[in-house]
Amino acid sequence: MVDVGDKSVTKRTATATGRLVTRPDVIALVRADDLPKADVLATARIAGIQGAKKTSELIPLCHTIPLSSVKVDFDFTADSILITATAKTTGQTGVEMEALTAVTVAALTLHDMIKAVDAAATMSDIQLRDKSGGKHGHWTRPDASPEPADGRPTKRPRRSKPRADTAAVIVASTAGAAGSRPDTTGPVIVEWLTAAGYTAELTVVADADIAAEVARVVKTAPAVILTTGGTGVSPTDRTPEATLAVLDRELPGVAEAIRAHGLASTPMASLSRAVAGTARDTVIINLPGSPGGVKDGLAVLDELLPHLVAQVSGGGPHA
């Protein structure tokens, strides 16, 4: 065990990151807290903190350190959970291993929580990102994104800024995707978007494939994504979960306005779990799967969508 007795006592901080890679539908389940083992993120956060506190017991020759703070945070991509842990102390040796252990234990806990639905999930890119204090002062990893398996630094590609005239329509319908039932909602939405000045792409997918399709379309960076179908309470309805997995910010008022408009026609509108929000500069809004529900939703969006798209893109008046 290295003698650190002669080192200066300084404030020391270390930040480590890692990721758990899984399927988009599993990401949606985690965000919705809808897994068999509940409170997934809270449990993983506590496990990471406990792991940091027990680092000297887990790794031979690590010093026992009086930690002043451990913070574990999570972020999401379409197919992974990003883990960031920051450990702090005031002492004679650094807290790099504590931060790395926190990330690792949090990732292991996430794997344990989701293995019932995705035994093939993988942990990757666990690395020290930043540290400060001690003789060498501040250090930051030179590359701005996780390294691939071959060790060569790489930068995550940036998404292009959406063009204001592009849109995508995604129909979640197992029967429609199989060709056993005609799609009566997608073409209506495309026609409405075209009249509003958008060039719209239409895809029809089975309910089981909605998460992957939403993730794919978001990567193409249209200004607007409108989905239809899969917003109810049947076991196959997963559109809200698929949407939540890619959103940066929710817009609950938009979804509530669409529900309220529908309630004027039918009490069944109250059963809709549709959500709305933004993924970077893309506006995403769920519409019901019925022709009447689509009509109600588009009536709300007639005045709302131009203002919303302008705000998200950085223009127009702000609410």
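This section describes the sheet, the nonpolar cores and the salt bridges of a predicted model.

Six strands form an open sheet of mixed pairing, in the order S7-S6-S8-S11-S10-S9. Strand S7 (199-205) and S9 are the edge strands, each of which pairs on one side only. Strand S10 (residues 276-279) pairs with strand S9 (residues 249-250) in the antiparallel sense, over two bridges. S10 also runs antiparallel to strand S11 (residues 282-287), to which four bridges join it. Threonine 278 of S10 takes part in both pairings: arginine 249 is its bridge partner, and valine 283 in S11 stands opposite. The hairpin of S10 and S11 has two residues between the strands, and in this hairpin arginine 280 takes a positive phi near 55°.

In a regular strand, side chains alternate between the two faces of the sheet. Both faces of S10 are covered, with Ala276 and Thr278 buried on one side and Gly277 and Ala279 buried on the other. Helix H9 (residues 252-263) lies across S9, S10 and S11 and runs at about 30° to S11. Helix H10 (residues 291-312) packs on the sheet, where it touches strand S8 (224-228), S10 and S11. The direction of H10 makes about 170° with that of S11.

Elsewhere in the sheet, threonine 166 is located in strand S6 (residues 166-172). Its relative accessibility is 11%, below the 20% limit, and threonine 166 therefore counts as buried. Apart from neighbours within four places in sequence, threonine 166 is in contact with Tyr198, Thr199, Ala221, Pro222, Ala223 and Val224.

The largest nonpolar core comprises 33 residues, of which Val30, Val72, Phe74, Ile83, Leu110 and Ile114 touch the most other members. Two or more residues of this core come from each of strand S1 (10-21), helix H1 (24-31), helix H2 (40-53), strand S2 (67-76), strand S3 (80-91) and helix H4 (96-114). H4 provides the largest share, nine residues. For isoleucine 114, the contacts beyond neighbours within four places in sequence are Leu20, Thr22, Val26, Val30, Leu35 and Ala121.

Side chains of opposite charge can pair when their charged atoms come close. Twelve salt bridges are found in a search of the whole structure. One of them is formed by glutamate 201 and arginine 216, whose closest N and O atoms are 3.0 Å apart. Glutamate 201 lies in strand S7 and arginine 216 in helix H7 (residues 210-219), so the pair ties together parts that are 15 residues apart in sequence. Glutamate 201 counts as partly exposed, at 35% relative accessibility, and arginine 216 is also partly exposed, with a relative accessible area of 36%.

A salt bridge between glutamate 241 and arginine 273 has its closest N and O atoms 2.7 Å apart. This pair links distant parts of the chain, 32 residues apart: glutamate 241 is in helix H8 (residues 239-244), and arginine 273 is in the loop between H9 and S10. Glutamate 241 counts as buried at 7% relative accessibility, whereas arginine 273, at 28%, counts as partly exposed.

Within helix H9, glutamate 256 forms a salt bridge with arginine 259. The closest N and O atoms of this pair are 2.8 Å apart. Because glutamate 256 and arginine 259 are three residues apart in the helix, about one helical turn separates them. Glutamate 256 counts as partly exposed, with a relative accessibility of 44%, while arginine 259 counts as buried, at 15%.

Methods. Residues numbered from 1 in each chain as written. Predicted model: local features only at pLDDT ≥ 70, side-chain atom pairs only at ≥ 80, totals over all residues. Heavy atoms only, no water. Buried < 20%, exposed > 50% of the residue type's maximum accessible area, 1.4 Å probe, protein only. Pairing = 2+ DSSP bridges. Contact = heavy atoms within 4.5 Å. Axes fitted to C-alpha atoms, helices over the stretch in contact; angles between N-to-C directions. Core = buried A, V, L, I, M, F, W, Y, C linked by side-chain atoms within 4.5 Å. Salt bridge = Lys/Arg side-chain N within 4 Å of Asp/Glu carboxyl O.
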